[in-house]
Each structure stands twice: as C-alpha cells, then as structure tokens.
Amino acid sequence: MYRFFAAFGFLLAFAGAAHWVVPAGRHALALVSAQDDAARVADLQLTGVLTEARVAQEIDAALAEGDGELAASFVELAQERGVPVTTERQARVALANAPGASFARGAGSFGHGFLTGQGEDMAGLAGAAAGDLTAWGDVRDLGREAANWARGEPVDHFMVNLAGIGIVATGATYAAFGAPLTFRAGLSVLKGARRAGVVGGRFAGNIAAAVRGGSKAQLAALVGDLGTAGSKAGTRATFAGLRHVDDAAGAARLSALAQAKGGKTLAVVKTLGRGALFLTEAMAKLAYWIIAAALNVLGLIASFNSMVVAMLRPMWKKKRRRPQPLPA
C-alpha cells in the first residue's frame, strides 16, 4: 500500500500546485501567442492589474493634479473592463472636462503650441499643427537652432532634420490639397515629443539613419504611424507611448494600440508602461510559467496513473497466485 499512498500524496501535491501554476501558464501562453498584437497584449496584461481600488486611486490622483484628461481616460478604460467607478467620481471627472473648463485651458495651450510648437494636450497640438501647416512651425524651429549655432550652443540636428522634412511636407500638403496630413501631423507629434524629452536616443538615431539613408518609405510609415496614434489617442498618450518606442516597429505597435483603445490609451500606458506594447522583458518569466504548467499537468497524469496501478496491483498478484487444479 505504500506505493498507493506515495502516488496519492504526489497527486495531491500536483493538484494543489495546479491551482495557481496552470492558470498562470495558460495566461503566459496567451501572452506569448498574442505578442504581435499590441492591443491584445495590453488587454491580457491588464487582467488582475486594473482593480477597482487601482482605478479609484489613479482617478483621484489625476483630479488632484488637475489632469482631467488622464482621469477621463481611466474612466473609459474601467468601463470597458467592467471595473466599477462610483457616480461621485464620474461626476468629478465630467466637471473637470466640462467645455468651459477645457476651453479656458485650451485657449492658452493653443496659443502656446502655435508660438513654441510644444503641445502637451490636444489644444496644444492643434496650435503646433496650425503653425506647422503654414510652415511657421518649421521656420520657427530652424530659426531657433540657427540662433543656437550663432551663440555657439549645441544644435539639435534631429530637430533640424524634422523641420527640413516638414517644409517639404507642407509644400506637398498644399500641392495635394491636404493628402499627407497624417504625415504632417506625425511630424508635429515627433517634434513636440522631442521637446518634451520623450524621444529616446535610439529612436532618434533610427530616424536620423532613415533620413541619411534616404529610406523615404520607412520614414513615411513611421511618421504616419505617429500621426495616426496622435489623432486616435491624443498627444499625451502618444508622448507616453513614445517613451517606450525605439524603432519603426514600436511606432507601428503604438499606432495599433491607439487605434484599438482610442482615448483609453493614456490610461493603458500609465498602468502598464512598456508592457502595454512589448513582452520582451517578461519572455523568460512567461516561458518558465508555460514549462511549469506543462510539467504540472504531466505530473498530475503520471501520479494518477501510478495511484491506479498501485490499487490494481494486489488484484493482479492474487490472480497469478491462484492454485492450479490437480490433474485427474
């Protein structure tokens, strides 16, 4: 009987471990399977993370800082995920984003964006884009960098390249009656992100290499993706996502996430960080959980089989030992 109890003990151990190992393995397998779908990755990563307490905390913090856009993004995301948000919080968010309040903020942001090219919200981006579409923004940026050169200060060649491309794109916009507007908007987003310090050195280097190498198709696709992300998710969300983007593939993933999540993108990136777009940092952990789940299932099967064999073994022995009748 010791074999039976040993097998039964292993079965109980594997069954107890399966309570958390197997679901974690299934979740990890789903993440690995969806690694090329940014929106699906974000949905899976949010499971178990976006709790009612977390949403309430994020909304209250955003409202305390006067950030109605972020608070509204979390309300949208919570509603999509079926996470309850109290009526009182929804009312406060609605008040923070009321037309009067948003107009008061937006008027100044628009003018600031037009004059400086820096847009932290949709109004600021609209002002920056208005300046860019009249070529004012690119001339302004080239003038600023020229002044830096004249004073012996560092010149941002990345911004010089973007401004030069922008002047050409503006001419193409007028010539084609507005056809490349997404590209033009993408340049505005990229320049604003550069000023906000959210464009990493590797990403800037990849764009500079595309400019020097004359890879117009790759550059157009990358900038177009940023323009799409900005139009679908807003400037803030695009800036937040750009912190985690290093190349054209990352920009395409950000665009796909923005198209799928719209105004919820800002809350998704705020909650998950780089995990909203990529799984590379978690691949080893995911592989561990998949292997652990597979071994657990094999252990369950093996221990159950051993327990059944141990139960039937005495019956086989008795059958073999049955005395044979004597010959007549």
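What share of the contacts between residues at least 6 apart in sequence join residues at least 24 apart? I looked it up for the protein chain: 70%. Contact here means heavy atoms within 4.5 Å.

**Entry: the model.** I am working from a predicted model, in which local features need pLDDT of at least 70, side-chain atom pairs count only at pLDDT 80 or more, and totals for chains, interfaces and linings use all residues. Residues are numbered from 1 along each chain as its sequence is written, and side-chain values use heavy atoms, with hydrogens and water left out.

**Entry: confidence.** I checked pLDDT, the predictor's confidence in each residue, from 0 to 100. The chain averages 75, and 62% of the residues score at least 70. Over residues 174-179 pLDDT stays under 50. For that stretch I find four contacts beyond four places in sequence.

**Entry: overall make-up.** I count 16 helices and zero strands. Both are DSSP runs numbered from the N terminus: helices are H or I of at least four residues, strands E of at least two. The chain has 328 residues, of which 40% count as buried. Buried means under 20% relative accessible area, exposed over 50%, partly exposed in between, with a 1.4 Å probe and protein chains only.

**Entry: cores.** I next looked for nonpolar cores, sets of buried Ala, Val, Leu, Ile, Met, Phe, Trp, Tyr and Cys residues joined through side-chain atoms within 4.5 Å. The largest has 56 residues. I59, L190, F203, L226, L242, L257 and V268 have the most contacts inside it. Helix α4 (residues 68-81) gives the most to this core, seven residues. Another core lies apart from it, with five residues, including L31, V41, L44 and L279.

**Entry: α15.** Which residues of α15 are buried? I find T265, L266, A267, V268, V269, T271 and L272. That is seven of the eight residues in the helix (265-272). They pack against α2 (38-46), α3 (52-64), α4, α12, α13 (235-242) and α14 (248-261). G273 follows α15 and has a positive phi, near 65°.

**Entry: α4 with α15.** I took the axes as lines fitted to C-alpha atoms, for helices over the stretch in contact, with angles from 0 to 180 degrees between N-to-C directions. These two pack at about 90°, axes 7 Å apart. That makes α4 roughly perpendicular to α15. The cut-offs: under 35 degrees is roughly parallel, over 145 roughly antiparallel, 65 to 115 roughly perpendicular, the rest oblique. E69, L70, S73, F74 and L77 of α4 meet T265, L266, A267, V268, K270 and T271 of α15. The contact divides into six nonpolar, three polar and two charged residues. Ala, Val, Leu, Ile, Met, Phe, Trp, Tyr, Cys and Pro count as nonpolar, Asp, Glu, Lys and Arg as charged, and the others, Gly among them, as polar.

**Entry: α11 with α12.** Helix α11 (residues 201-213) packs on α12 at about 135°, axes 10 Å apart. The two are therefore oblique to each other. F203, I207, A210 and V211 of α11 meet L219, L222 and L226 of α12. I sorted the contact residues: seven nonpolar, no polar and no charged.

**Entry: T228.** I finished on T228, in helix α12 (residues 216-233). T228 is buried, at 19% relative accessible area. Neighbours within four places aside, T228 is in contact with T182, S255 and Q259.
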